[in-house]
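Here are some friendly notes to read alongside the model. Please keep the viewer open as you go through the points.

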Amino acid sequence: MTDKTSTDVAARADALLAAFTPDRPGLAVLVARGGETLYERYLGGADLEHGVAVSAATRFHVASVSKQFTAFAAVQLSHAGKLDLEADIRTWLAEMPDFGQPITVSNLIHHTSGLRDQWELMMLSGTPLDGLIRQKAILAMAARQTALNFSPGTDFCYSNTGYSLLAEIVARASGVKFHQYLQDQVFAPLGMDDTVVYGNANQLLKRRAASYGLGADGAVRLMRLNYSNYGATSLQSTPRDLLKWSREILHPAVFDPALMASLEVPGRLRDGRVLTYAAGLALDPIGGRPAVWHSGADAGYRSMLISFPDQDASIVVLSNGAADTGKISADLADIFLGPAAPAAETVAADEAALTALAGYYVGDWGTSLDLKLEDGKLVTTLYGARAEARFLADGRFRLGPGSEPYARRADGAIETRSLGGVTTAWRPARRAAPSAGQLAALAGDYRCEELDVTYTLMPSEGGMLMSSLRSNPVALAAADEDHFEGGGVRLSVTRGAGGEAVGFTIATGRVRGLAFRRL
């Protein structure tokens, strides 16, 4: 690359990041290839209240990018003969309940345990996620669960709980506190001097970026994070430190190459299906390029760490202001690694195809999919925003830029591929219109011992209002028969032999079958 070409490419990247001005939350970016740093920028504020700018030394909370280090610690202990990845987790976590089928350490690593996700359980319990979150509380909550989302090894569902438990197993198997194990066995050998496991919210940490978000009016607001938990999250690091780790993934020099290679072996379900998720690392291509990566999101922090084996390249993007680090990373890859593989061209869909797809669909995870015809277009609402279907030549369609394609199956269901390479499906359903009497019959208090919480259901505007002493009321609209949805929650009424409501179960994106009994 000539000096002029290099300057032109950097100018394109600078234009991409022009919005990150000193008065806005910050962004740290690093692009390297062949061990050489091609581009590095530190923009915006690390601490806007005190006028501290982001610098190369600023530490960012990297959220779920932490998981690959937790997984590495477990695999490293396995290679040392101190941890059997195929053993029952109760070998080290005797306090965990017996679910009638063993959960292995490998299940935790690959998100195939069936354990319900800690964040969604906490939200359902009324625990404020901007309050103090303790590791012991997460472990205790996991130990109170009486059921799983699915039988271990039969499905994939991203579970932060699994990685919190994995960190505890690393500590108990090694005989060393988790943060100290990573410091001694991972960070120090790699020279990652600015990286720490931040597992104590009372700890002072120099050069730490604060957490921000943008309100609907565009104003910057604090988005507090008060974590005293680890394993699934809570690593604090810098782009330069994360580059050292990415280089080790691409070209092992400190650790045994066989150990590093084992991190990229994808998980496998009992029926033989191979996942696109390995040891805390996603293996899905980015922009058509083979990639080893993970993203992260907690409060206002966003992170993306990508290693591109074919290009011998690494990209790190860290934000403390809820920036779209995934898109920024993909755009930087196009700028510095050459254009991505051309996206499949969209085509116009005929009216018959649109009519066949339009309808109401429900699934077993979270809320429904409502596809509507509006002015000759197929539209829906995703994450609170309008999304228009863009069709591919093979009949599949995307709902939003960069989304995985959706397809209509022969049985009429709609499915798409999710993280891990498994499919998520929604089946055709008919919206219910419960009468005032039917809604009134559901009113009452419902108790979940697993979360130590009681919800009250009350009729409200054709649906139900769900509330507890510890959480804001959630408006639930009528969905299909005996189901209500709202706020990311799908509530399924449970009825007794006489048809009376005796309870309900709740499903969210990462929780299923959470039972409440009527008091």
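**Notes on the predicted model**

1. Cysteines. Taking a disulfide as a pair of cysteine sulfur atoms within 2.5 Å, the count comes to zero disulfides. Cys 157 is in no disulfide, and the nearest cysteine sulfur, that of Cys 448, is 17 Å away.

2. Ground rules. This is a predicted model, in which local features need pLDDT of at least 70 and side-chain atom pairs count only at pLDDT 80 or more, while totals for chains, interfaces and linings use all residues. Residues are numbered from 1 along each chain as its sequence is written, and side-chain values use heavy atoms, with hydrogens and water left out.

3. Aromatic pairs. How many aromatic pairs does a search of the whole structure find? It finds 15. Trp 119 and Tyr 227 form one that is stacked, with 5.0 Å centre to centre and 10 degrees between the planes. This pair links distant parts of the chain: Trp 119 belongs to helix α4 (residues 118-125) and Tyr 227 to strand β10 (residues 227-228), 108 residues apart. Both Trp 119 and Tyr 227 are buried. For the cut-offs, rings of Phe, Tyr and Trp (its six-membered ring) pair if their centres lie within 6.5 Å; planes under 30 degrees apart count as stacked, over 60 as edge-to-face and the rest as tilted. Helices (H or I, at least four residues) and strands (E, at least two) are DSSP runs, numbered from the N terminus.

4. Phe 69, Phe 72, Phe 187, Trp 245 and Phe 255 make up one aromatic cluster. Elsewhere, Lys 67 lies over the face of Tyr 163, at 5.9 Å from the ring centre. The rule for a charge over a ring is that NZ of Lys or CZ of Arg is within 6 Å of the ring centre and within 35 degrees of the ring normal.

5. Helix α4. This helix is mostly covered, with seven of its eight residues buried. Among them are Glu 120, Leu 121 and Met 122. Asp 117 caps the N-terminal end of α4, placing a side-chain oxygen 3.1 Å from the backbone nitrogen of Trp 119. After α4 comes Gly 126, whose phi is positive, near 90 degrees.

6. Helix α5. Which residues of α5 (residues 135-144) are buried? They are Gln 135, Ile 138, Leu 139, Met 141 and Ala 142. They cover an arc of only 160 degrees around the axis, which puts them on the same side of α5; the arc is that of the directions from the helix axis to the C-beta atoms. An α-helix has 3.6 residues a turn, so residues three or four places apart point the same way. What covers the buried residues of α5 includes α4, β6 (133-134), α6 (160-174) and β10.

7. Asp 480. This residue sits in the loop between β27 (471-478) and β28 (483-486). Is Asp 480 buried or exposed? Asp 480 is buried, with a relative accessible area of 11%. A polar contact of 3.1 Å joins its side chain to that of Arg 490. A polar contact is a pair of N or O atoms within 3.5 Å; within protein, one must be able to donate a hydrogen and the other to accept it, and residues adjacent in sequence count only if both atoms are side-chain atoms. Not counting residues up to four places away in sequence, Asp 480 touches several others, including Tyr 360, Val 362 and Arg 431, where contact means heavy atoms within 4.5 Å.

8. Ser 307. This serine lies in strand β13 (residues 301-308) and counts as buried at 1% relative accessibility. Its side chain makes a polar contact of 2.6 Å with the side chain of Ser 246.

9. Gln 185. Found in helix α7 (residues 178-190), Gln 185 is partly exposed, with a relative accessible area of 36%. Leaving out residues up to four places away in sequence, Gln 185 touches Gln 76 and Phe 255.

Key: Buried < 20%, exposed > 50% of the residue type's maximum accessible area, 1.4 Å probe, protein only.
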